[in-house]
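Please open the model in your viewer and keep the sequence at hand, so that each selection can be followed in turn.

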Amino acid sequence: MTGRTGSLRPGRNRDVGTAYLFALLLGGFGAHHFYLGNIGRGIALLLLWWIGWLSLVIVIGGFMLTGAVIWYIVDMCTLPSQVRAKNATPADLYR
């Protein structure tokens with residue numbers, strides 16, 4: 001059964017505005033992925049971003065940061081669909 005918003009997860013819906021807020025304020029920490037329950041993606045973005053900054057002195061850091069920035073831009077464009085997909089997932093998968 002679906003809730004008021006058409007979600008299969010009543011009471012646990014994620015909000016696009018909150019996801020954007022996390023992405024804008026804490027994007028380098030992957031907070032928007034953690035908010036959406038994508039723990040692996042959040043950790044990957046966190047490591048890519050911060051190891052990129054720490055290794056910027058050597059050439060590989062620039063490539064890592066470029067990858068992180070491209071990933072971030074793609075996330076900003078696809079965040080509404082990511083939230084819709086999260087809200088459409090049955091709650092039974094998260095127990």
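This is a predicted model: local features need pLDDT of at least 70, side-chain atom pairs count only at pLDDT 80 or more; totals for chains, interfaces and linings use all residues.

Begin by selecting residues 39-54, which form helix α3, together with residues 59-88, which form helix α4; the two pack at an angle of about 145 degrees, with their axes 8 Å apart. If you look along the pair, the way in which α3 passes α4 is a left-handed crossing. To see what makes this contact, show the side chains on the α3 side, where R41, A44, L45, L48, W49, I51, G52 and W53 take part, and then those on the α4 side, where the contributors include M64, L65, V69, W71 and D75. Colouring the contact of α3 with α4 by class gives 11 nonpolar, 4 polar and 2 charged residues.

Next, select R41 and D75, whose side chains meet in a salt bridge, with 4.0 Å from N to O. A search of the whole structure finds 1 salt bridge. Because R41 belongs to helix α3 and D75 to helix α4, the pair ties together parts that are 34 residues apart in sequence.

Finally, switch to a surface view and select L21, F22, L24, L25, L26, F29, W50, W53 and L56, which make a nonpolar surface patch of about 890 Å². Helices α1 (16-26) and α3 are the elements that give two or more residues to this nonpolar patch, and the largest share, 5 residues, comes from α1. L21, for instance, has its place in helix α1.

Technical notes:
Residues are numbered from 1 along each chain as its sequence is written. Side-chain values use heavy atoms; hydrogens and water are left out. Axes are lines fitted to C-alpha atoms, for helices over the stretch in contact, and angles run from 0 to 180 degrees between N-to-C directions. Helices (H or I, at least four residues) and strands (E, at least two) are DSSP runs, numbered from the N terminus. A crossing is left-handed if the near helix is turned anticlockwise from the far one by less than a right angle, and right-handed if clockwise. Contact means heavy atoms within 4.5 Å. Ala, Val, Leu, Ile, Met, Phe, Trp, Tyr, Cys and Pro count as nonpolar, Asp, Glu, Lys and Arg as charged, and the others, Gly among them, as polar. Patches are made of residues with over 30% relative accessible area and no salt bridge: like charges are joined within 9 Å, nonpolar side chains (Val, Leu, Ile, Met, Phe, Trp, Tyr) within 5 Å. Accessible areas come from the Shrake-Rupley method with a 1.4 Å probe; for residues, only the protein chains shown count as cover.
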